[in-house]
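Please consider the chain shown below. The explanation that accompanies it is meant to be read with the structure in view.

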Amino acid sequence: MMRSMDKYYSDYYRMTGKQYKLGLKSLLQRHLFHNLQFTYYFRKYEESAGFLSRLMIYKLSRKYGLEISPKAQIGEGMYLGHPYNITVGDGVIIGKNVNLHKGCTIGRTNRGNIGSPVIGNCVFIGINATIVGNIHIGNDVLIAPNSYVNIDVPDHSVVIGNPAIIHHHNHATKDYIVFTV
């Protein structure tokens, strides 16, 4: 099983395109860029559930609208693009190398398809996209901006619109998911 800080190093690589190296530059980046700062404390909380980590997650959540539940399971290589007003609820499971963009919402629904989503590897979730319900999103899926997804999505797909329309497309996230781990 991968350690949480190893996941942070993967997140760092996804967001900067550079390997994490101990030093002043990496330390400054972690404290100057709120996406790196949030992922650092998120991963620290995963590892030890410490008070300081929870406090920093709370502070950054209030300041930037990053409502990513510490109870969500997120794989290595999380990329927060333009990280404002991103919501990921309790019980959500997200795979490796997933891009979350401004305003996206991923969470549980309490009617219809009750439950939380399971999202595969190499998934791009666009601006203001909403994914809700007990659904499965496959690997190599691009969810276009402003899409509403409450149905299962197979591997190698592009999802567009409200209601969601699924188009099969090999290499759907090519050039969208970069610096994979």
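The paragraphs that follow take up the helices, then the sheets, and then several individual residues.

This is a predicted model, in which local features need pLDDT of at least 70 and side-chain atom pairs count only at pLDDT 80 or more, while totals for chains, interfaces and linings use all residues. Residues are numbered from 1 along each chain as its sequence is written, and side-chain values use heavy atoms, with hydrogens and water left out. Helices (H or I, at least four residues) and strands (E, at least two) are DSSP runs, numbered from the N terminus.

The helices may be taken up with α1 and α3. The axes of helix α1 (residues 4–16) and helix α3 (residues 34–48) come within 8 Å of each other and cross at roughly 165 degrees. Here axes are lines fitted to C-alpha atoms, for helices over the stretch in contact, and angles run from 0 to 180 degrees between N-to-C directions. The crossing angle makes α1 roughly antiparallel to α3; angles under 35 degrees count as roughly parallel, over 145 as roughly antiparallel, 65 to 115 as roughly perpendicular and the rest as oblique. The crossing of α1 and α3 is right-handed. A crossing is right-handed if the near helix is turned clockwise from the far one by less than a right angle, and left-handed if anticlockwise. Residues in contact (heavy atoms within 4.5 Å) include Met5, Tyr8, Tyr12 and Met15 of α1 and Leu36, Tyr40 and Arg43 of α3. By class, the residues of the contact of α1 with α3 comprise six nonpolar, four polar and six charged. In this classification Ala, Val, Leu, Ile, Met, Phe, Trp, Tyr, Cys and Pro are nonpolar, Asp, Glu, Lys and Arg are charged, and the others, Gly among them, are polar.

Helix α3 also packs with helix α4 (residues 51–64), at an angle of about 145 degrees and with the axes 9 Å apart. The crossing of α3 and α4 is left-handed. Among the residues that make this contact are Phe38, Tyr41, Phe42 and Tyr45 of α3, together with Met56, Ile57, Leu60 and Tyr64 of α4. The contact of α3 with α4 has eight nonpolar, four polar and two charged residues.

Attention now turns to the sheets. Strands of a sheet pair through backbone hydrogen bonds, either parallel or antiparallel. Two strands are taken as paired if DSSP finds at least two bridges between them.

Another open sheet has six strands in the order β3-β6-β9-β12-β14-β15, and its pairing is mixed. At its edges stand β3 (79–81) and β15 (165–168), each with a single partner strand, so one side of each is left without a neighbour in the sheet. The twist averages 15 degrees from one strand to the next. Strand β14 (residues 157–160) runs antiparallel to β15, and four bridges join the two; serine 157 stands opposite histidine 168 in β15. Proline 163 lies in the loop between β14 and β15, and the peptide bond to proline 163 from asparagine 162 is cis, with omega near 5 degrees.

Several individual residues complete the account. Histidine 82, in the loop between β3 and β4 (87–88), has phi near 45 degrees, a positive value in a residue other than glycine. What is the relative accessible area of histidine 82? Histidine 82 has a value of 58% and is exposed, where exposed means over 50% relative accessible area, buried under 20% and partly exposed in between (1.4 Å probe, protein chains only).

The loop between β8 (118–119) and β9 (123–125) contains glycine 120, and cysteine 122 lies in the loop between β8 and β9 as well. Glycine 120 is buried, with a relative accessible area of 10%, and its contacts, not counting residues up to four places away in sequence, are Gly95, Lys96, Val98, Ile137, Gly138 and Asn139. Cysteine 122 is partly exposed at 23% relative accessibility and has a positive phi of about 55 degrees although it is not a glycine.
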